[in-house]
Amino acid sequence: MIRLDKVSFQYEDMAMMFDAVFPAQSLTAVIGPSGSGKSTLLNLIAGFERAASGRVSIGGEDVTGLPPDRRPVSMIFQDNNVFAHLDVWQNVALGIAPSLKLDEAQRAQVDGALDEVGIVALKHRKPGEVSGGERQRVAVARALVRDRPVLLLDEPFAALGPALRRDMLDLVIAMHRAKGLTVLMVSHQPEDAEYAASHTAYLEAGHILALRPTAELLTARDLPGLAAYLGDWKGISP
């Protein structure tokens, strides 16, 4: 479970305040207009941003004062955060040991993660020699070997076409189910929420206005901003 207890953050002229509980082992989509605070929300949970006040708890532990590397969190970014000078295998191995000094069991773990995401045959290639979708699979494999109970996704599949994005969502769903992860996934595509998420949070102007089961939220009539955000999207019938 992830609990945000009156977590405040000032971004330029926007005063943000997040107060919510994300259920343990849920897969929650985070949607809302550009600039509403979706990435900031994930960064506060991961520790890349520090709250001005309030408390962040993960699994019942107060992590507000902990740096990112001591939080039980893995995060996948839109730019996939792979290192061009390292090959695919080494990029994944970083999730276990930044020194890249792995024992036999750890090396097998890296190979297993690459196999699980379908790119073990590419392990000796550099990121510049593989496709954008394959680079995102590298990031997913690195999250697999980190083996943290919380996975945060900051629009990592936004640049992919619909079919490839669906493949990547299937990978995330499989990880979520196999490992019992608590997942928060920022997306500008309501169909991603409909397809993958048990719950969806709607953000507006630095606040979480609603956190509900996905079908319930995407058909809500009590959130004018959400209706404007979704526009004529027809994914879920009322």
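User: How many salt bridges does a search of the whole structure find?

Analyst: In this predicted model, the search finds 5 salt bridges. One of them joins the side chains of Lys-123 and Asp-111, at 3.3 Å from N to O. Lys-123 sits in the loop between α3 and α4, whereas Asp-111 belongs to helix α3, 12 residues apart.

User: Which parts does the pair of Lys-179 and Asp-147 tie together?

Analyst: The closest N and O atoms of this salt bridge are 3.6 Å apart. Lys-179 is in helix α5 and Asp-147 in the loop between α4 and β7, so the bridge ties together parts 32 residues apart in sequence. Lys-179 is partly exposed, with a relative accessible area of 39%.

User: Is Arg-165 buried or exposed?

Analyst: Arg-165 counts as buried because its relative accessibility is 9%, and buried means under 20%. Its salt-bridge partner Glu-191, at 3.4 Å between the closest N and O atoms, is partly exposed at 26%. Shared partners join Arg-165, Glu-191 and Asp-192 into one network.

User: Which residues have the most contacts inside the largest nonpolar core?

Analyst: In soluble globular proteins, nonpolar side chains tend to be buried together. Here the largest nonpolar core has 40 residues, and Leu-114 and Leu-151 have the most contacts inside it. Its largest share, 7 residues, comes from α4.

User: What does Leu-114 touch, leaving aside residues up to four places away in sequence?

Analyst: Leu-114 touches Val-88, Trp-89, Val-92, Ile-119, Val-120, Lys-123 and Ala-141.

Key:
Residues are numbered from 1 along each chain as its sequence is written. This is a predicted model: local features need pLDDT of at least 70, side-chain atom pairs count only at pLDDT 80 or more; totals for chains, interfaces and linings use all residues. Side-chain values use heavy atoms; hydrogens and water are left out. A nonpolar core is a set of buried Ala, Val, Leu, Ile, Met, Phe, Trp, Tyr and Cys residues joined through side-chain atoms within 4.5 Å. Buried means under 20% relative accessible area, exposed over 50%, partly exposed in between (1.4 Å probe, protein chains only). Helices (H or I, at least four residues) and strands (E, at least two) are DSSP runs, numbered from the N terminus. Contact means heavy atoms within 4.5 Å. A salt bridge is a side-chain nitrogen of Lys or Arg within 4 Å of a carboxyl oxygen of Asp or Glu.
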